[in-house]
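Visitor: I would like to go through this model and ask what its descriptions rest on.
Guide: Then let us look at it and take the terms one by one.

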Amino acid sequence: MFSAALITDRNGSLDWTVVGCARFGSAEHVWREPATDGAVLRWEDGSPVELIVEAYCCRCPAGTDGFLVGTGFDDDLAAMRLCAGCALSVPSTEMLRWVDLDQAAAELGVPVRLASGAMTDQVRGDRLMRTVLDDLEATLVGSNLRERVADPQWREQAVRAAAGNPRVVVGIADAVADLGDGEVLDLYPALAELGRQLPRAAARWLESSGHVAAARLGLPCLGAGA
Ligand SMILES: [Zn+2]
């Protein structure tokens, strides 16, 4: 069985943690899961037997050579997966330690192997595609807002898009902030209706991060600068 795993450097040494409780019949299956980032753990008879690591450096197209481990480097718990070249280019002001793949296996307590380049390429392609599609959707919603926000059916679509894609919320915030004062007056009932319909998480984000848009969408503004 296989599961998604995260390689961490929480206490200055490499460790791994299982992401989620889903188990899959193949590593390919796990790589396709959106939550999978960096590593897949293989299990046999209930014990972890192998960590399969993404084939490429997280900063450049070169292959993974190891992990940069250290405190104060990144708040993120994930260990930095790098090629030897990128590892050298990180300023040595932080307390950092380079762990190559052989050493990594010793620290992690399970053999480590790289995923095939083809598999990683496919996963990267899928992720890139998702990002491009999400951006496209956000741009479309944002650029149609002025003309379409008065249409209840359009608002329903925009709300549905915002629920599945946080970039749409940013698109809406930008488009609403770009409206002229006269347009805001004309469109206010529709804007407030859109604000009421937005998913709670989106509304909360606008209230704290998009003050102008939040006010124009009839949402309360939190914090200074509203
Ligand atoms: Zn690199």
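Guide: Two residues are in contact if their C-beta atoms, placed from the backbone, lie within 7 Å. The model is predicted. In that sense the buried residues of helix H5 pack against helix H4 (117-148), helix H6 (166-178), helix H7 (181-197) and helix H8 (200-209).

Visitor: Which residues of H5 are buried?
Guide: Arg155, Ala158 and Ala162 are buried in H5. The term applies because 20 or more other C-beta atoms lie within 10 Å of the C-beta atom of a buried residue.

Visitor: Why are the buried residues of H5 said to line one face of the helix?
Guide: Viewed down the axis of H5, they fall within an arc of 60°, so they line one face. Gln153, Glu156 and Gly164, on the other side of H5, are exposed.

Visitor: What is the order of the strands in the open sheet?
Guide: Its five strands follow the order S2-S1-S3-S4-S8, with mixed pairing. Neighbouring strands are turned by 40° against each other on average, direction ignored.

Visitor: What makes S2 and S8 the edge strands?
Guide: Strand S2 (15-18) and strand S8 (112-114) each pair on one side only.

Visitor: How many bridges join S1 to S2?
Guide: Strand S1 (residues 2-8) and S2 run antiparallel and are joined by four bridges. Two strands pair if there are at least two bridges between them, so the pair qualifies. Thr8 stands opposite Asp15 in S2.

Visitor: Which strands does helix H3 lie across?
Guide: H3 (residues 101-108) lies across S2, strand S4 (47-53) and S8, and runs at about 140° to S8.

Visitor: Which residues have the most contacts inside the largest nonpolar core?
Guide: They are Ala5, Leu14, Ala39, Val40, Leu51 and Phe67, in a core of 29 residues. S1 gives the most to this core, with four residues.

Visitor: What is Ala39 in contact with, leaving aside its neighbours within four places in sequence?
Guide: The contacts of Ala39 include Ala5, Leu6, Ile7, Trp16 and Leu51.

Visitor: Which residues does the second, separate core include?
Guide: This core of 23 residues includes Val149, Leu191, Ala202 and Leu219.

Key. Residues numbered from 1 in each chain as written. Predicted model: local features only at pLDDT ≥ 70, side-chain atom pairs only at ≥ 80, totals over all residues. Axes fitted to C-alpha atoms, helices over the stretch in contact; angles between N-to-C directions. Buried ≥ 20, exposed ≤ 12 C-beta atoms within 10 Å, placed from the backbone. Arc of directions from axis to C-beta. Core = buried A, V, L, I, M, F, W, Y, C linked by C-beta atoms within 7 Å.
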